[in-house]
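Please read it alongside the model displayed here.

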Number of protein chains: 2
Amino acid sequence: MRSLILIATAITLSATAAFAADEPISPIQPAKIANPAMVELGKKLFFDPRLSKSGFISCNSCHNLSMGGTDNLKTSIGHNWQKGPINAPTVLNSSLNLAQFWDGRALTLQDQAGGPIANPGEMASTHTLALSVLQSIPAYVAEYKKVFGSDKVSVDGVTKAIAAFEETLVTPNSRFDKWLKGDKKALTAQELAGYELFKDSGCTACHNGAAAGGNTYQKMGVVEPYKASSPAEGRVAVTKDEADRFYFKVPTLRNVEMTYPYFHDGEAATLASAVDTMGRIQLGKKFSTEENDKIVAFLKSLTGDQPDFKLPILPPSTDSTPQPKPFD
Amino acid sequence: MRSLILIATAITLSATAAFAADEPISPIQPAKIANPAMVELGKKLFFDPRLSKSGFISCNSCHNLSMGGTDNLKTSIGHNWQKGPINAPTVLNSSLNLAQFWDGRALTLQDQAGGPIANPGEMASTHTLALSVLQSIPAYVAEYKKVFGSDKVSVDGVTKAIAAFEETLVTPNSRFDKWLKGDKKALTAQELAGYELFKDSGCTACHNGAAAGGNTYQKMGVVEPYKASSPAEGRVAVTKDEADRFYFKVPTLRNVEMTYPYFHDGEAATLASAVDTMGRIQLGKKFSTEENDKIVAFLKSLTGDQPDFKLPILPPSTDSTPQPKPFD
């Protein structure tokens, strides 16, 4: 009897595994935290607006972890209320991307992390200034030394710590992932029908893998051109190859209910509108209202566990800390 | 033997109580949370930038709970990067203030909470717009109904919830409070000497009570006039009584190491400079460097338990949520 149960269990497990393996989207794996102290340091840095010239903008300003790792704006607000050129991609599950930024110009999270700090349109500081700020704060220096064994704060260490924190920002346990793992009740009939339609329509040609995206560059506007007012030209800016014009990194669909508005220019305000546009310009399909509703229902099942940690408390500046200059 | 110990304990306790009662500053009491669901709702609202026109500025932007409940700027940054007229006071222990704002123009935290949302120089929304945003988000409406028994979100409910959250933001257990409660080792000799000098110099005439301030209005510039470039005129703006010109609410000194820069205009960048100015213009004293150091050492012992909760996750907007207008 006991061996029968064991065999039955083995068959079930194997069926589940096979089932999930046949799907183009795979479950998000929980983060494995190799260095908790580095993650804690990175978390503080991620929330610290003193990395900006103004003392007002932190990584979390535009990649707000209370709001799906985005700012939910078409394009971001930078130093001196400058209008950003592109929609801020979510930081959630960004460790699963083949590269960072819409055009993939940073190969790693660590490469990416240094960019906005010194970008005059974003945080508008310099690496030198940001390091002076951190170096002037004994609690940061002590924490940095514990992590990196040096009391000289460097860009390499700072960006490494931010990246280590960002690597923890994966969102497992969505209802869709539960379904993938064999819990057939995790999705409603409508959501499941939406997933089937999503696959049958060819959406999974680009939105596949654990992040349901993030792993290829694709042209925006395959069947019909995409009419954009945004100046962003995509991957060509990196490769200088005209064939890469309007190629963008496919965005993840994980937590997509929280990461509105959509596309690199943020021009699609709703999921319904994003699905409609994608169907038309990428696949040459006009989804009916019922079809669109089904796909949107499926997409909303991709919301996983959101960041789950205490608000970090930042060590105070000292008399020698360079002061923020918000209005210079 | 046992009764001897009991008597000894009773004497010790009574001595401690008498000791603390004799001091002009009393310990911060932990928050008593009457309605946890209301506090949770208020916490989300406090962190929600959708209460602003831009979708970018939340209560937490200028009263950053990672940074002592302030923005650590001279004056705050408002909608469209407007320069605020006054230093953002800390929200920590603000429930202990006799009134809110530097001029006391709001009598309660609830009164205060409505102000910045609709102030064109701060969050630049309107109460009508902010309520439409919340009303369009089913998860907010459900939470609101659970707390207030109505599914019609009102300004009264929203500001009540924010105030309920803010009432939890007290900071007990500073080293100074431990000393007040009888732990003689909680302060160093330098800090204790600083406290004695603080009292002997007359600082406690204004900085007294649980918050070491916040309970009276006092003139800025008693002995010498305070030379300010700030247009803030103080309590006269509320009372219209010329006798109240340059009277400001005495700021709390709790967590003062974290709430730099100082004064209503943020012109004192460091504690040393704030102590020096206060000595001269309020008390007619020129503290020596050694005296200043001692007082600063004491002030740094007033840092208590900082906010200790998980980063709130905000419910997403829906297709009917009014969209933020950061650049209009």
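Which residues of chain A does UniProt list for "domain: Cytochrome c"? The unreviewed UniProt entry lists residues 37-145 and 189-303 of chain A under that name; positions from UniProt are given in the numbering used here, feature names are shortened, and annotations may be inferred rather than shown by experiment.

This is a predicted model, in which local features need pLDDT of at least 70 and side-chain atom pairs count only at pLDDT 80 or more, whereas totals for chains, interfaces and linings use all residues. Residues are numbered from 1 along each chain as its sequence is written, chains are lettered from A and ligands numbered from 1 in the order in which they are written, and side-chain values use heavy atoms, with hydrogens and water left out.

Of the two listed spans, residues 37-145 of chain A are 39% helix and 4% strand, with end C-alpha atoms 11 Å apart, while residues 189-303 of chain A are 36% helix and 5% strand, with end C-alpha atoms 17 Å apart. Helices (H or I, at least four residues) and strands (E, at least two) are DSSP runs, numbered from the N terminus.

**Domains of chain A**

The domain assignment, which is automatic or taken from a database, divides chain A into domain 1 (36-168) and domain 2 (175-301). The centres of these domains, taken over C-alpha atoms, are 27 Å apart. Contact (heavy atoms within 4.5 Å) links 24 residues of domain 1 of chain A with 27 residues of domain 2 of chain A. The rule finds one salt bridge across this domain interface, a salt bridge being a side-chain nitrogen of Lys or Arg within 4 Å of a carboxyl oxygen of Asp or Glu.

**The listed binding site**

For "binding site", the unreviewed UniProt entry gives Cys203(A), Cys206(A), His207(A) and Met278(A). These residues span 76 residues in sequence, but no two of their C-alpha atoms are more than 11.5 Å apart, so they gather at one spot. Cys206(A) lies in the loop between helix H9 (189-200) and strand E3 (217-219) of chain A, and His207(A) also lies in the loop between H9 and E3 of chain A. Leaving aside neighbours within four places in sequence, Cys206(A) is in contact with Gly213(A), Asn215(A), Thr216(A), Gln218(A) and Val250(A).

**The interface of the chains**

Between the chains, 46 residues of chain B are in contact with 46 residues of chain A. Chain B and chain A bury about 3900 Å² between them, 70% of it on carbon and sulfur atoms, where buried area is the accessible area (1.4 Å probe) that two parts lose on being put together, summed over both. The rule finds two salt bridges across the interface of chain B and chain A. On the side of chain B that touches chain A, the elements giving two or more residues are helix H3 (59-62), strand E1 (77-78) and strand E2 (82-83) of chain B.

**Salt bridges**

Side chains of opposite charge can pair when their charged atoms come close. The search of the whole structure finds 34 salt bridges over all chains, including those tabulated here.

| Salt bridge | N to O distance |
|---|---|
| Glu267(A) and Lys74(A) | 3.6 Å |
| Asp308(B) and Lys310(A) | 2.8 Å |
| Lys43(A) and Glu40(A) | 3.0 Å |

Lys43(A) and Glu40(A) are separated by about one helical turn, because they are three residues apart in helix H2 (residues 36-47) of chain A.
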